[in-house]
Amino acid sequence: AMAAEGGAYRLRCSLVGHGQDVRGLTCGLFPQGGFVSVSRDRTARLWAPDGPNRGFTEMHCMSGHSNFVSCVCIVPPSDLYPRGLIATGGNDHNICIFTVDNPAPLYVLKGHKNTVCSLSSGKFGTLLSGSWDTTAKVWLNERCMMTLQGHTAAIWAVKILPEQGLMLTGSADKTIKLWKAGRCERTFTGHEDCVRGLAVLSEMEFLSCANDASVRRWQISGECVQVYYGHTNYIYSISVFPKCKDFVTTGEDRSLRIWKQGECAQTIRLPAQSVWCCCVLDNGDIVVGASDGIIRVFTESLERTASAEEIQAFENELSQASIDPKTGDLGDINADDLPGREHLKDPGTRDGQTRLIKDNGKVEAYQWSVSEGRWIKIGDVVGSSGATQQTSGKVLFEGKEYDYVFTIDVNESGPSYKLPYNITDDPWLTAYNFLQKNDLNPMFLDQVAKFIIDNTKGQTLLNTSAQFSDPFTGAGRYVPGSSSGSSTVPAADPFTGTGRYVPGSASNAVAPVGGIDPYTG
C-alpha cells in the first residue's frame with residue numbers, strides 16, 4: 001500500500017558502532033545530511049549519509065573525555081573554522097571542542113564542577129552549557145564569559161533563543177528560567193518533575209519535556225499555552241521539525257513519538273528500555289539513540305525506507321523484547337483477565353494503541369499501526385525473575401543520575417541515609433565520603449564499602465556495555481501524584497536480592513558489626 005500524504009515513518013537503517021547507551025545526537029553541518037552521536041562509551045562519532053545507499057558511514061570516532069559523554073551540539077561556522085565545530089559535554093565535568101576532521105579535541109573547556117549534560121550554541125560562536133552543579137555557563141572561544149546562577153538543582157537542558165542575548169535553562173528543580181544578559185528575567189513553573197529537554201519553536205515560543213511524562217508549550221512572556229500527554233514515563237528529549245511546529249519526543253517508555261498539529265500522530269516502539277535522544281535531519285528523517293547502543297534512523301520517504309528484510313529483522317527484534325510489567329508503561333496488567341489471540345482480529349482505534357493478549361500462558365504486547373492497518377508485536381510481558389540488572393544511570397538522587405541509590409541504616413533507632421553510587425566510583429572512597437558527609441563513625445568504613453561491593457556484584461565498568469541492554473531496568477517511572485524526586489525501581493537487585501532503593505520500603509540495613517551496637521557495645 002502507498003503511504004498516505006505526510007505518511008508514516010518507517011525504519012531507514014540501524015547503525016551499530018557505539019559500545020554503550022547513545023546519550024546525545026545533533027544534526028551535523030558537515031558533511032551535509034550527517035549527524036553526530038555521543039555515548040556512555042566515552043566517544044563521539046560523526047556519521048555521513050553513504051551516497052546511493054539508505055545508510056550512514058562512521059566518518060570518525062572522537063575521544064577526549066575520561067568518562068561518559070552525555071551531550072553534543074554544533075558551533076556554527078566562522079572564518080577560522082568554515083565547517084563549524086563540534087562541542088561535547090561529559091561526566092568528567094569537561095566540554096571538548098572538536099573540528100570535523102580530527103578525532104582529538106582542539107581544546108577543552110573546564111569550569112563546571114559536575115556532569116555537563118546539555119549544550120546549545122548561538123549564532124556568533126557563543127556556547128551555553130548546563131550542569132548538575134546547578135549552574136549554566138556561557139562560553140566564547142576558550143573563555144567562560146559568565147555563569148548563570150539561580151536554579152536549586154541540576155540543570156538538565158539549555159537553549160540559546162534566536163533573539164540576541166536570550167537563554168533558557170531547564171532544571172531538576174522543576175522550573176525553566178529565561179535569562180537576558182546573565183540575569184534571570186522570568187521563571188516558568190508548571191512541570192511536576194525534573195525538566196529534561198527544551199526545543200525552540202520561534203522567537204516567541206518554546207517547548208519543554210520532563211520526567212512528569214508531559215510536554216509543555218510556552219510563550220516567552222511566561223504563559224503555558226498547551227500541555228501534551230502521550231508518553232507513560234520520563235520524556236528525555238524533544239526535537240522540532242524544520243520550518244514547522246511539529247515535533248518528536250523520546251523517553252523511558254521505549255518509544256519515539258511523532259507529534260503533528262498538537263496530536264501524537266505516530267508511536268514507534270524500540271527494543272530498548274531507554275530511548276535517550278533524538279534529532280530531526282534537514283530532510284525530515286528522525287535519528288534516535290537508545291540504551292542498547294544502537295542508533296536508528298526513521299523516514300517518511302519510500303526511497304529511503306529500509307529493505308523488507310531489514311524491517312522484518314527490526315520487527316523480530318522488537319517482538320522478542322521482554323517488557324517488565326513493573327514499569328507500568330502498559331498500565332496495570334492482570335494476566336488472568338486477558339483475552340486470547342482472537343482479540344487481535346479487531347482493528348485498533350489510534351496509532352500506537354497497545355493491546356495485551358494471552359497465548360499459551362504467555363502474555364504478549366502488540367501495538368496498532370494505522371499506516372499498515374495491523375497489530376505489530378512489541379514484546380513479551382514477563383516477570384522479572386532471573387533478569388540481569390543493567391542499570392544505566394536512571395536512578396535519580398537530588399536531581400542527578402546514579403547507577404544505584406542505597407539506603408543505609410547505621411543503627412536501628414537512628415535515621416537512614418541515602419548513599420548514591422556509580423559503578424565507576426571507588427567503593428572505599430565513596431564509603432569514606434558518605435561517612436564524612438553524614439558525620440558518622442569512621443569505624444563503619446569497611447562495612448559500608450563491603451556493602452557497596454556486595455550489592456553491585458558483577459557491575460564493573462567492563463560489563464556495562466549494553467550491546468543488548470536488558471529491558472528489566474524499568475527504573476524511575478513517574479507516577480502522577482507520587483512524591484516526585486523519588487524513583488520507583490525494581491525492589492530487588494537480581495544479583496543479591498537487596499540493595500535497590502524503593503521509596504517507603506523497609507530499607508536495607510547494614511547490620512552493626514557482630515550484632516554489637518557500636519555506640520553502646
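**Strand E11 and strand E12 (residues 136–140) pair in the antiparallel sense over five bridges.** Strands here are DSSP runs of type E with at least two residues, helices are runs of type H or I with at least four, and both are numbered from the N terminus; two strands pair if DSSP finds at least two bridges between them. The model is predicted, with local features requiring pLDDT of at least 70 and side-chain atom pairs counted only at pLDDT 80 or more, whereas totals for chains, interfaces and linings use all residues. Residues are numbered from 1 along each chain as its sequence is written, and side-chain values use heavy atoms, with hydrogens and water left out. Leucine 128 stands opposite valine 138 in E12, and the hairpin of E11 and E12 has four residues between the strands, with threonine 134 in the turn at a positive phi of about 75 degrees. E11, which spans residues 126–131, is mostly covered, five of its six residues being buried, where buried means under 20% relative accessible area, exposed over 50%, and partly exposed in between (1.4 Å probe, protein chains only).

**Strand E10 (residues 116–121) also pairs with E11 in the antiparallel sense, again over five bridges.** Leucine 119 stands opposite serine 129 in E11. These two strands form a hairpin with four residues between them, and glycine 125 in that turn has a positive phi of about 90 degrees.

**The largest nonpolar core has 24 residues.** A nonpolar core is a set of buried Ala, Val, Leu, Ile, Met, Phe, Trp, Tyr and Cys residues joined through side-chain atoms within 4.5 Å. The residues with the most contacts inside this core are Leu15, Leu25, Phe35, Phe56, Trp156, Val287 and Ile295. Strands E1 (10–15), E2 (22–27), E26 (275–280) and E28 (295–299) are the elements that give two or more residues to the core, and the largest share, three residues, comes from E26. Leaving aside its neighbours within four places in sequence, valine 287 is in contact (heavy atoms within 4.5 Å) with Leu25, Phe35, Cys277, Cys278, Cys279, Leu281, Ile295, Arg296 and Val297. A second, separate core of 17 residues includes Leu11, Val248, Ile286 and Phe298.

**Arginine 10 has its place in strand E1.** Arginine 10 is partly exposed, with a relative accessible area of 33%. Its side chain and that of glutamate 372 are joined by a polar contact of 3.3 Å; a polar contact is a pair of N or O atoms within 3.5 Å, and within protein one must be able to donate a hydrogen and the other to accept it, while residues adjacent in sequence count only if both atoms are side-chain atoms. Beyond neighbours within four places in sequence, the contacts of arginine 10 are Val297, Phe298, Thr299, Thr305, Ile311 and Glu372. The C-alpha atoms of arginine 10 and isoleucine 311 are separated by 8.1 Å, although the two lie 301 residues apart along the chain.

**Glutamine 273 is found in the loop between strand E25 (263–269) and E26.** Glutamine 273 counts as buried, at 3% relative accessibility.

**Strand E30 (residues 354–359) runs antiparallel to strand E31 (residues 362–369), joined by six bridges.** Arginine 355 has tyrosine 366 in E31 as its bridge partner. The hairpin of E30 and E31 has two residues between the strands, and asparagine 360 in the turn shows a positive phi of about 50 degrees.

**Helix H3 covers residues 445–455 and has Gln447, Val448, Ala449, Phe451, Ile452 and Asn455 buried.** Strand E35 (404–409), strand E36 (416–421) and helix H2 (427–437) are among the elements that cover these buried residues of H3. An α-helix has 3.6 residues a turn, so residues three or four places apart point the same way.
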